[in-house]
Amino acid sequence: MSAKETTQLLDTTAVASGAAIGAAALNDAATKVKKARMEGPLSYRILAFLGGLAMIFSNGIAILDRFFSFNFTGSLIAIYGVIFGIIIAILEGGWSCPTRIQSAIRFYAKFLEFTWGRGMLYFFVGSLQISNWNMLDWAVGGFMIFVGVTAVTVGIVTSFKLKELRNRVRTDAELRKQWELADANKNGTLDIKEMSAFVENCGIEMTRNQIAAAFDALDKNFDEKIQYEEFYLWWSEGNTFSGSRNFAV
């Protein structure tokens, strides 16, 4: 086999491998979205994830078209759109990427730790998307603006709801009691359904979006579970002066 044929074979193998990885990631994401949909209306996080994928797709196919049309500004905006789409997909679809990547993004962009901060990002990238004059960009951009406004609103309301939740549980003993009551499978952690049960048992009414925002704020290691230590740290800091800033979501 010649060197040229070997190179072509390696290129083909690399493309096939990349396609397989991408297909597996998309299949995993589709499974998660389907499961979430069966559980009720899609939360803003799932909508943001889908919007991120739409940004990757729409801007990805636009880059070369605008470049060869000598629309260099539009091509640059499309490149930014792909980058932002990838960041959004990582933030809101964290099941398909390493924890260290999420941690790095939130470390270097502190505002992304908060639901309202991510909402502002989604509003910005949506505005950037609709600056391109075609129907697909208007649709994707308008969708991201809607998700952004929703996330900002949810973040603000959830902050007050969490403050109310913290005030309902006054002692360590009461916190432990409510935790064990909500921990249905007795594995020492709360998933999002059990978190919803915890909130309900404490007499607080929260929407699916608010539960999703609260869960994201409390799940510090991005493992889709809330450890008792994570929850206790949040609750106990509310009893100190410095803990007041943790009401932000």
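**View 1. R118 sits buried, at a relative accessible area of 0%.** Buried here means under 20% relative accessible area, exposed over 50%, and partly exposed in between (1.4 Å probe, protein chains only). This is a predicted model, with local features needing pLDDT of at least 70, side-chain atom pairs counted only at pLDDT 80 or more, and totals for chains, interfaces and linings using all residues. Residues are numbered from 1 along each chain as its sequence is written, and side-chain values use heavy atoms, leaving out hydrogens and water.

**View 2. D216 pairs up with R118 in a salt bridge, with the closest N and O atoms 2.8 Å apart.** D216 lies in helix α9 and R118 in helix α5 (residues 115-129), so the pair ties together parts 98 residues apart in sequence. A salt bridge means a side-chain nitrogen of Lys or Arg within 4 Å of a carboxyl oxygen of Asp or Glu.

**View 3. D216 also forms a salt bridge with R45, the closest N and O atoms being 3.5 Å apart.** D216 counts as buried at 7% relative accessibility, and R45 does too at 14%. R45, E92, R118 and D216 are linked in a network of salt bridges.

**View 4. E164 and R168 make a salt bridge, their closest N and O atoms 3.2 Å apart.** Both lie in helix α6 (residues 135-168), 4 residues apart, or about one turn of the helix. (Helices are DSSP runs of H or I, at least four residues, numbered from the N terminus.) E164 is partly exposed at 32% relative accessibility, and so is R168 at 42%.

Methods:
Helices (H or I, at least four residues) and strands (E, at least two) are DSSP runs, numbered from the N terminus.
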